[in-house]
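Morning, everyone. Please have the sequence and the model up on your screens. I'll walk you through some helices and sheets.

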Amino acid sequence: MKALLCYNQNTFKIEDIDKPGLSDSDMLVEMIYTGLCGSDIIKIFDASNKKPAVYGHEFVGRVVEKGKNVSKFNVGDIVVAAHHIPCYKCHYCKHGNYSMCRHFKETNIYPGAFSQFIRLSAEHIEHTTFKLSENQDIREAIFIEPLACCIRAMERVKFRKGDVFSVVGAGAMGILFVQLIRLFNCKAVAVDIDDKRLSLAKKLGAYHIVNPSKSDILSSIRKITDIGIDTAVLTVTNKYTLSDALSYIRDGGCINIFGVSGKDSYIPINFEKLYKREATIKSTYSATPETLKKAYDIIINKKINVSPLISEVMNLSDFKTGLDLMLNRKLYKAIFQL
Ligand SMILES: [Zn+2]
Ligand SMILES: [Zn+2]
């Protein structure tokens, strides 16, 4: 079968590799569409991540083969699935740190969704695979796993109805957050240096928009809320976005570190300020089967609008072009087809 092998950040080749073998409880899914995730991009650029590798975990596909013990899905079904599954038994899981579970980290789809076929295990089939109907834009389902990560972030920060959030970065994740925050009856202030992205955020429900390259972020936020932002969600985390957020959150407020800028992200923090204001910095990593179910319900029932995030599907042989378009913020998400 064909797969896209990444050799380094500039070299991607479509090559023939072995089709995954199946046990009686696995199923084989043929990829229809695969989305490029920010976390794939981090791995592509991370020299310590073993290469050549097949990346990709945001996909929709069709079941083409199944083991005799698989009863939940049938050959021909269109499905969406996520890659990691917690064990629900370990110390981490019992504390709700599902994405820290060792089993969660070990489980994965094989070989990766930038390929012709992937294998889903019995655990994937039970916990993280969902059926789609043919009469919908199935590309929208690519956003289920990213949205599930956003839902998990919302569940990890404590909030009350009417709270004011800032959403820093109005890329694909930021646009999902803006809509999710509104769905949860709270208000989202979108922050980005790109006016075009801000205007989409506004159109999809942002309470306010702020462009920090054009107006002072602290005084802009003060005009919106005099006590400060309850929770800042950083889909872009760097020394600027973090220090801004530390200044504009309210006393006792929270910062959620959602997106990172890579391994070399040492950021100095004024702990005296953090301490006296009882601020919380909390990170969120990945999704859980429970938040995936919620995200599936939200997207299938169109409770949020992901269609503006979908652009033309590109051929997998044009992967580098899609990667560059995403890096240059010309696309919210590159979607590929073999
Ligand atoms: Zn992802
Ligand atoms: Zn566990």
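Start with Gly205. It sits just after helix H7, and its phi is positive, at about 120 degrees. One caution before we go on: this model is predicted.

Now step back into H7 itself. The helix covers residues 195-203. Which of its residues are buried? They are Arg197, Leu198, Leu200 and Ala201. Look down the axis of H7. The buried residues fall within an arc of 160 degrees, so they line one face of the helix. Turn to the other side of H7. There you find Asp195, Lys196 and Lys203, and these are exposed.

What do the buried residues of H7 pack against? Their partners are helix H6, at 172-183, strand S9, at 187-191, and strand S10, at 208-210.

That brings us to the sheet. S9 and S10 belong to an open sheet of six strands. Read the order with me: S10-S9-S8-S11-S12-S13. The pairing is parallel. S10 and strand S13, residues 280-283, are the edge strands, and each pairs on one side only. From one strand to the next, the twist averages 20 degrees.

Zoom in on one pair. S8 and S9 are parallel, with five bridges between them. Find Val168. Opposite it, in S9, stands Val191. And a general point about strands: in a regular one, side chains alternate between the two faces of the sheet.

Next, helix H8. It lies across S8, S9, S10 and S11. Against S10 it runs at about 170 degrees.

H8 also meets helix H9. Their axes come within 10 Å and cross at roughly 35 degrees. The crossing is right-handed. From H8, the contact uses Ile217, Leu218 and Ile221; from H9, it uses Asp244, Ser247 and Tyr248.

Stay with H9, residues 239-248. Its buried residues are Thr241, Leu242, Asp244, Ala245 and Tyr248. What covers them? The cover includes strand S8 at 164-168, helix H8 at 217-224, strand S11 at 229-234 and strand S12 at 249-257.

Another helix pair: H5 and H6. H5 is residues 144-156. The two axes come within 10 Å, and they cross at roughly 55 degrees. That angle makes H5 oblique to H6. H5 passes H6 in a right-handed crossing. Look at who meets whom. H5 brings Pro146, Leu147, Cys150, Ile151 and Met154. H6 brings Ala172, Met173, Leu176, Phe177 and Leu180.

Strand S4, residues 58-66, and strand S5, residues 78-81, run antiparallel, and three bridges join them. Val60 stands opposite Val80 in S5. S5 also pairs with strand S7, residues 129-132. That pair runs antiparallel too, joined by four bridges. Here Ala81 stands opposite Thr129 in S7.

To recap, pick out two views on your screen. In one, look down H7 and find its buried face. In the other, follow the six-strand sheet from S10 to S13.

Technical notes: Residues numbered from 1 in each chain as written. Chains lettered and ligands numbered in written order. Predicted model: local features only at pLDDT ≥ 70, side-chain atom pairs only at ≥ 80, totals over all residues. Buried ≥ 20, exposed ≤ 12 C-beta atoms within 10 Å, placed from the backbone. Helix = DSSP H or I, 4+ residues; strand = E, 2+ residues; numbered from the N terminus. Arc of directions from axis to C-beta. Contact = placed C-beta atoms within 7 Å. Pairing = 2+ DSSP bridges. Axes fitted to C-alpha atoms, helices over the stretch in contact; angles between N-to-C directions. Parallel < 35°, antiparallel > 145°, perpendicular 65-115°, else oblique. Left-handed = near helix turned anticlockwise from the far one by under 90°.
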